[in-house]
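Thanks for making the time this morning; I would like to walk through a few features of one structure with you.

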Amino acid sequence: MLEIVLRWDLKSPTLVTEGLIQQVSQLLEDVPHSVSHILGKRIYASEYGYYIVKDATLKVRLATNSVGSALKRLLKTSLGGAFPYYSSAKVFKPFSECYVLANENFGEQSVESIQKAIEEYYFPLAQQIYQGKPINYALIPVVKPYKKNIYKVELFGSEEMIVLANAVGLKVWHFGLFLYENSDLNLIAKLSQKIGGSRLESVH
């Protein structure tokens, strides 16, 4: 499973919207994946999403070990009048402690509802990705409020299922949430303070 990191030095303020994230997602074609928010230190609220100024970072995870042409297409992504000045692609290690940005509706779901969604989405996907390899189809996310609009997620299960969740994010009904690591907390905390409610749900 791969993680691609891109960084831009923006020449002008950039409005980040659901449409912008979808454009990035479409570049990845049919490979199961997840796309982070566009993160940075200078974030400003907008009715339509949020503005980011100067430095911008995007993380993309793919449920494959082959970068293929994905990185080449991503490197052609222009933001704020600039193309990425930095890129990396590496196989990432599974991580079970993670964080998601989501509005309060996410925290209102029952444990049973979350688990049902997990089994309906991840188990068939695992069969597709691992192509009949004997694995333990066990994945249980434990979700707890962390800060406003940030939830801590602990993943329990087999290594194969945890790394798959790391790659494609937390898919629970209409929520599709990128799983952030502890090292991302400062940036997502800044973002959560600038935008909230439905706007958080529309830009992941």
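**Salt bridges, a surface patch and a pocket**

Let me begin with Glu97, which has a relative accessibility of 37% and therefore counts as partly exposed. Please keep in mind throughout that this is a predicted model. Glu97 forms a salt bridge with Lys152, and the closest N and O atoms of the two are 3.6 Å apart. That pair links distant parts of the chain, since Glu97 sits in strand β8 and Lys152 in strand β10, 55 residues apart. Lys152, at 23% relative accessibility, is likewise partly exposed.

How many salt bridges are there by this rule? The count comes to four, and another of them joins Glu3 to Arg61, with the closest N and O atoms 2.9 Å apart. Here strand β1, which holds Glu3, is linked to strand β6, which holds Arg61, across a separation of 58 residues. Glu3 counts as buried because its relative accessibility is 5%, under the 20% cut-off, and Arg61, at 0%, counts as buried too.

Strand β10 also holds Phe156, which together with Ile140 and Val142 forms a nonpolar patch on the surface, with about 250 Å² of accessible area together. Phe156 is itself partly exposed, at a relative accessible area of 44%.

Finally, strands β1 and β6 come up again at the second largest pocket, where each supplies at least two residues of the lining, while β6 gives the largest share, four residues. The pocket holds about 230 Å³ of space, and its lining divides into five charged, four nonpolar and three polar residues, with Arg7, Lys41 and Asp184 among them.

Note on methods: Residues are numbered from 1 along each chain as its sequence is written. This is a predicted model: local features need pLDDT of at least 70, side-chain atom pairs count only at pLDDT 80 or more; totals for chains, interfaces and linings use all residues. Side-chain values use heavy atoms; hydrogens and water are left out. On a 1 Å grid over the protein atoms alone, a cavity is a set of points where a 1.4 Å probe fits but cannot get out, and a pocket is an open set with protein on both sides within 12 Å along at least five of seven lines; lining residues have an atom within 4 Å of a point. Grid points are joined across faces, edges and corners, and a volume is the space filled by probe spheres set on the points. Ala, Val, Leu, Ile, Met, Phe, Trp, Tyr, Cys and Pro count as nonpolar, Asp, Glu, Lys and Arg as charged, and the others, Gly among them, as polar. Patches are made of residues with over 30% relative accessible area and no salt bridge: like charges are joined within 9 Å, nonpolar side chains (Val, Leu, Ile, Met, Phe, Trp, Tyr) within 5 Å. Accessible areas come from the Shrake-Rupley method with a 1.4 Å probe; for residues, only the protein chains shown count as cover. A salt bridge is a side-chain nitrogen of Lys or Arg within 4 Å of a carboxyl oxygen of Asp or Glu. Buried means under 20% relative accessible area, exposed over 50%, partly exposed in between (1.4 Å probe, protein chains only).
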